[in-house]
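Please look at the sequence and structure below before reading on.

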Amino acid sequence: MSLATDVVIIGAGPAGTLLSHALHQAGIASVVVERASRDHVLGRVRAGVLEWGTVEYLRRLGLGERMDREGHVHGGPAIAWGGRDVLTIDIHKYVGSNFMSYGQTMIQEDLYLAADRRGAEIFFEASDVELHDVTSARPSVTFSRDGERQRVEADFVVGCDGFHGVSRLTVPASVLRTYEKEYPFGWLGILSETPPLEDVVYAHHERGFALASRRNPMLSRYYVQCPLTDSVDDWPDDRFWPELLTRLGPSVAAGVVTGPSIEKSIAPLRSFVAEPMRYGNLFLAGDAAHIVPPTGAKGLNLAVSDVYYLARGFAAHYADGDDHYLDGYSDMALRRVWGAVRFSWWLTTLLHRFPDQTDFDLRAQEAELDYLASSPNAQAAMAEQYAGLPFED
Ligand code: APR
Ligand code: PHB
């Protein structure tokens with residue numbers, strides 16, 4: 001089978017599906033090619049904090065209905081350390097916006113339902129995806145499905161296929177520059193059908209980092225930092241809960257309702273950036289081009305801002321033959337990416353216990369947290385970045 005479209009998108013995660021939705025609204029056709037099954041994509045548990053720019057963009061695209069009904073609006077995250085009262089970073093006061101707890105899995109469900117309604121072409125379970133002629137005027141993508149080799153021709157290819165995808169590998173090594181940092185620990189995350197805390201709470205503790213978050217009024221999400229060599233079997237519930245409560249500290253722990261975990265997984269932490277985010281008529285967006293550690297929850301929000309810039313670029317290209325946004329895409333997207341990469345590296349470094357950390361390092365972290373608590377200027381800087389840097393015009 002052979003198809004032709006305007007834009008072929010590789011990967012039906014949040015970046016790829018959102019892009020195809022935004023393109024459709026601009027009257028631009030697309031085909032999405034995804035390696036996994038729809039259920040597999042929906043089964044992945046990911047972060048759940050949306051910057052206000054993300055909230056407004058999803059609303060503008062007509063994707064805000066369930067989010068506004070079921071999402072939980074917060075005025076700012078809280079930080080706990082040293083057994084003192086929590087510090088709330090009042091982003092509403094400093095930046096004038098809020099943020100929203102709404103799980104990425106729910107966004108993915110909303111995106112697939114919207115795709116069903118418009119009859120979008122998403123080819124799930126496509127194997128051996130290959131990109132061809134991406135520096136020509138007519139690139140194409142081939143893949144196998146139901147035992148048949150298929151081909152989609154387009155004006156542009158967008159790689160939204162995550163960190164382990166094929167798109168980035170198409171860019172020659174002589175062109176692609178990569179920047180990477182691996183952290184010597186992971187996050188063990190659980191879901192529990194218990195009422196969550198009112199706030200998203202990040203905790204610094206000498207035993208390691210912990211985080212309290214939420215999905216809905218009866219679904220909590222908690223994390224503790226753990227060694228990369230640990231497996232979920234090392235963390236039965238009767239070890240997890242006491243460790244979490246110790247790290248959150250007595251005042252936060254007092255509000256935690258414990259219960260059986262219904263999901264448990266360990267994720268490594270990594271910072272990664274690939275530059276440029278364009279090669280010929282191939283564009284990269286989302287995790288295909290950059291990874292941030294989850295501290296600060298920027299991953300999904302960066303995928304959304306990439307899509308915002310790209311969709312605007314394609315709209316100007318197809319409506320007016322104006323390519324200045326597409327030509328500026330990589331530089332513009334990377335400015336926002338590096339802002340979030342720097343912020344999530346900083347917050348990770350501030351809040352985690354590093355294996356080789358000395359008492360000096362621990363006291364320096366505590367001193368920085370005390371400074372943050374005492375300085376409205378420091379809080380304003382954190383608030384501005386947690387809220388999300390603005391989209392550029
Ligand atoms: N061919 C086709 N599809 C592929 C291939 C391939 N070779 N490789 C990977 N994929 C698919 C994956 O199965 C996945 O569904 O690409 C999709 C990429 O989705 P994500 O990894 O969710 O990445 P993205 O859409 O950029 O979303 C970014 O997800 O990982 C989080 O923190 C991240 O929240 C951020 C968001
Ligand atoms: C989550 O809810 O899963 C979450 C929240 C905040 C983070 C990371 C993850 O920084």
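## Contacts of ligand 2

An oxygen atom of ligand 2 has a polar side-chain atom of Y202 at a distance of 2.6 Å. The model is a predicted one. The side chain of Y223 also takes part, with an N or O atom 2.6 Å from an oxygen atom of ligand 2. P294 contributes through its backbone, where an N or O atom lies 2.9 Å from an oxygen atom of the ligand. On its own, ligand 2 has 280 Å² of accessible area, and the protein covers 100% of that area.

## The shell around ligand 2

Two strands, β16 (210-216) and β17 (219-226), are the elements that give two or more residues to the shell around ligand 2. The largest share comes from β16, with 3 residues.

Which residues come nearest to ligand 2? There are 14 residues around the ligand, and the nearest are Y202, S213, R215, Y223 and P294. Sorted by class, the shell around ligand 2 consists of 8 nonpolar, 4 polar and 2 charged residues.

## Contacts of ligand 1

Ligand 1 has 24 residues around it, of which E34, R44, R46, Q104 and D287 come nearest. In the side chain of Q104, an N or O atom is 2.6 Å from an oxygen atom of ligand 1. For the side chain of R46, the distance from an N or O atom to an oxygen atom of the ligand is 2.8 Å. A15 is placed with a backbone N or O atom 2.9 Å from an oxygen atom of ligand 1. The accessible area of ligand 1 on its own is 710 Å², and the protein covers 90% of it.

## The shell around ligand 1

Two helices, α1 (14-25) and α10 (299-320), each supply at least two residues of the shell around ligand 1. The element that gives the most is α10, with 3 residues. By class, the shell residues of ligand 1 divide into 11 nonpolar, 7 polar and 6 charged.

## Packing of the helices

Two packed helices are described by the angle between their axes and the distance between the axes. How are α1 and α10 placed relative to each other, parallel or antiparallel? Their packing angle is about 30°, and their axes are 9 Å apart. Angles under 35 degrees count as roughly parallel, so α1 is roughly parallel to α10. The crossing in which α1 passes α10 is right-handed.

Helix α10 also packs with helix α11 (residues 324-351), at an angle of about 165° and with the axes 10 Å apart. Angles over 145 degrees count as roughly antiparallel, so α10 is roughly antiparallel to α11. The crossing of α10 and α11 is right-handed.

## Backbone details

Most residues other than glycine have a negative phi, and most peptide bonds are trans. Where in the model is there a cis peptide bond? The bond from E275 to P276 is cis, with omega near -5°. P276 belongs to the loop between β18 (261-275) and β19 (278-279).

D128 is a residue other than glycine with a positive phi, near 50°. Strand β10 (residues 127-132) contains D128.

How values were computed:
Residues numbered from 1 in each chain as written. Chains lettered and ligands numbered in written order. Predicted model: local features only at pLDDT ≥ 70, side-chain atom pairs only at ≥ 80, totals over all residues. Heavy atoms only, no water. Near = heavy atom within 4 Å. Polar contact = N/O pair within 3.5 Å; in protein donor to acceptor, adjacent residues only side chain to side chain. Areas by Shrake-Rupley, 256 points an atom, 1.4 Å probe, with all protein chains shown as cover. Helix = DSSP H or I, 4+ residues; strand = E, 2+ residues; numbered from the N terminus. Nonpolar A, V, L, I, M, F, W, Y, C, P; charged D, E, K, R; others polar. Axes fitted to C-alpha atoms, helices over the stretch in contact; angles between N-to-C directions. Parallel < 35°, antiparallel > 145°, perpendicular 65-115°, else oblique. Left-handed = near helix turned anticlockwise from the far one by under 90°.
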